[in-house]
Amino acid sequence: MISLLTKWVLLMNKFWTVLSHTYISRFKTKSFLITTLLTIGIIFLIGNLPQIIDSFTNDEKKIAVIDEKEQYFTILSEGIEQDANDIELTEYTKSEKVAKKAVEAGEYDGLVVVESDKSGYPTGKYYEDSAYESQVFDMITEQLQQIKTQMIVAEADISEKELAKIQEPVAFTAESIDQDAKTDEELNQARGILYVMLFVLYFAIIFYGNMIATEVATEKSSRVMEILVSSVSPVVHMFGKISGIALLGLTQIVAFAIAGIIVLVQKQSELTDGVFEFFGVQDVSFSLVIYAIVFFLLGYLLFATLAATLGSLVTRIEDVQLLMTPIIMLVVAAFMIAMFGLGNPATTFITVCSFIPFFAPMIMFLRVGMLDVPMYEVLISLGILIGTIALIGVIGARVYKGGVLMYGSSSSFKNLKKAFQLTKKE
């Protein structure tokens, strides 16, 4: 019993040594520090992007208006003044030809010519010297439409009360017969964390999985691996690498999350009706956060084990991308299916994909967030996923054990057979 405990302690000590060495060596690299700081800077830049854009486009637009019937300018000006503070309408009394030259000379940013059609309703044209300004055009169009509506209402002798009833929306709502079905509000709350989870898992698997494979290939190309496997078993070395890169990735993600939270707290009043409402992250349930963490960790372990296994089969860094292609294709496929599932989460195709281990981290999490999934389905999916990770871990450990001792120019999947043969010889 004591001997077994001693072996376990020594094993964990070696595992921690590999983990800490991987983490510290990668953490100190300039590429990691620059990438982390640059991404944090981008997060703050995106958070302040509206203010930055406004600082370049904050100039007041001066629009000349030719009112040929002299009955629309006052109403038009009052309406624009209520909707926009950066647009100033100026009544222009000279000819349209002279007004166009004034726009070309830069005296005005645009020209609006308003007249009446055969029925006596407002119509007009908008001119601009350079690019088509949709904001001004849309606002003028909306104001002219309101003027036309008011004229028609006045001709038809319709009262304000009757007009309000006409414009009042029909009371038409949707209710689910299933009492446990999620409401639109609950779906909106889940949608935000679903987007975040899908993108984070997608980039984490590709970036950190590639980092694991590259790390192993780098050590093999420098012959450091021969020294390492003489003191640490290949299995311990493999899972130490995976855990070290995982901890490194977690550090980077936490740094990004802190930067994002700071931006959201600073801009909370501005984003409440915009980004927060669109992504529905005002009130995310605690259970959904737990599911996000569980599926993220399992998804990372699954693809990281594959990456470490494939990384042990190559001896040159440039060969890593070749053997990483199948992993990237699987991740891309899972991501595309998840994007489709956001709009159609209840389809049979999405249900089936949620039990396929390589798709389950994204697809089953999507179903849990968007639908009322029975607990037994979640447990079955998790069981299949964990079982697949264990199976790949066992196979991967054998491949890794033989793969780290292989050298040569070959980088094809034929090396799998050679790796197994080397393992059996030991």
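Which residue takes a positive phi in the hairpin of β3 and β4? That is G120, with a phi near 90 degrees, in a hairpin that has 5 residues between the strands.

## Ground rules

What you have here is a predicted model, where local features need pLDDT of at least 70, side-chain atom pairs count only at pLDDT 80 or more, and totals for chains, interfaces and linings use all residues. Residues are numbered from 1 along each chain as its sequence is written, and side-chain values use heavy atoms, with hydrogens and water left out.

Helices (H or I, at least four residues) and strands (E, at least two) are DSSP runs, numbered from the N terminus.

Strand β1 (residues 61–67) pairs with β2 in the parallel sense over 5 bridges, and K62 has E88 in β2 as its bridge partner. β1 and β3 also run parallel, joined by 5 bridges, with I66 opposite V113 in β3. β3 and β4 run antiparallel and share 6 bridges; here S116 has P122 in β4 as its bridge partner. Strand β3 (residues 110–116) is largely enclosed by the rest of the structure, because 6 of its 7 residues are buried (buried means under 20% relative accessible area, exposed over 50%, partly exposed in between, with a 1.4 Å probe and protein chains only).

## Aromatic rings

Now for the rings. A pair of aromatic rings is described by the distance of the centres and the angle of the planes. The structure holds 12 aromatic pairs (rings of Phe, Tyr and Trp, the last by its six-membered ring, pair if their centres lie within 6.5 Å; planes under 30 degrees apart count as stacked, over 60 as edge-to-face and the rest as tilted). One of them is Y202 with F335, a tilted pair at 4.7 Å centre to centre and 35 degrees between the planes. This pair links distant parts of the chain, with Y202 in helix α8 and F335 in helix α14, 133 residues apart. Both Y202 and F335 are buried.

F340 and F349 make an edge-to-face pair, 6.4 Å centre to centre with 65 degrees between the planes. Why does F340 count as partly exposed? Because its relative accessibility is 40%; F349 counts as partly exposed too, at 44%. Back at Y202 and F335, these two form one aromatic cluster with F199 and F203.

## The cavity

The structure holds 1 cavity of 30 Å³ or more, and the largest cavity has a volume of about 40 Å³. On a 1 Å grid over the protein atoms alone, a cavity is a set of points where a 1.4 Å probe fits but cannot get out, and lining residues have an atom within 4 Å of a point. Grid points are joined across faces, edges and corners, and the volume is the space filled by probe spheres set on the points.

Lining the largest cavity are L201, I205, F303, V331, A334, F358, P361 and M362. Helices α8 (184–221), α14 (320–343) and α16 (360–370) each supply at least two residues of that lining. The lining divides into 8 nonpolar residues, no polar and no charged (Ala, Val, Leu, Ile, Met, Phe, Trp, Tyr, Cys and Pro count as nonpolar, Asp, Glu, Lys and Arg as charged, and the others, Gly among them, as polar).

Note on methods. 1 Å grid on protein atoms, 1.4 Å probe; cavity = no way out; pocket = protein on both sides within 12 Å on 5 of 7 lines; lining within 4 Å. Pairing = 2+ DSSP bridges.
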